[in-house]
Amino acid sequence: MSKVKHIPTNEVHRLKDSKTTCCGFKITENPECWVQVGDNSTVTCEKNGCK
Ligand SMILES: [Zn+2]
């Protein structure tokens with residue numbers, strides 16, 4: 001499963017699909033704040049779905 005990092009908070013989230021994280025962030029609203037990270041990165045988001 002793909003993972004993305006939220007640059008302002010440095011938090012790594014799981015991607016549900018190409019537009020949304022598993023905890024419900026729409027990454028298309030602020031694409032400049034998100035960067036794809038490798039599958040071996042540790043998810044640091046504590047919200048339901050990502051954890
Ligand atoms: Zn998350």
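**Strand pairing and overall dimensions of the chain**

Strands β1 and β2 run antiparallel and are joined by 4 bridges. The model is a predicted one, in which local features need pLDDT of at least 70 and side-chain atom pairs count only at pLDDT 80 or more, while totals for chains, interfaces and linings use all residues. Residues are numbered from 1 along each chain, as its sequence is written. Strands (E, at least two residues) and helices (H or I, at least four residues) are DSSP runs numbered from the N terminus, and two strands count as paired if DSSP finds at least two bridges between them.

The chain contains 3 strands and 0 helices. From the N terminus on, its elements run β-β-β. The 3 strands form an open sheet in the order β2-β1-β3, with antiparallel pairing. Strands β2 (11-14) and β3 (34-37) are the edge strands, each pairing on one side only. From one strand to the next, the twist averages 35°, with axes taken as lines fitted to C-alpha atoms and angles running from 0 to 180 degrees between N-to-C directions.

The C-alpha trace of the chain spans about 20 × 20 × 15 Å along its principal axes.

Of the 51 residues, 14% count as buried, that is, with 20 or more other C-beta atoms within 10 Å of their own, the C-beta atoms being placed from the backbone. Among contacts (C-beta atoms, placed from the backbone, within 7 Å) with a separation of 6 or more, 55% are between residues 24 or more positions apart.

Definitions and conventions
Buried ≥ 20, exposed ≤ 12 C-beta atoms within 10 Å, placed from the backbone. Contact = placed C-beta atoms within 7 Å.
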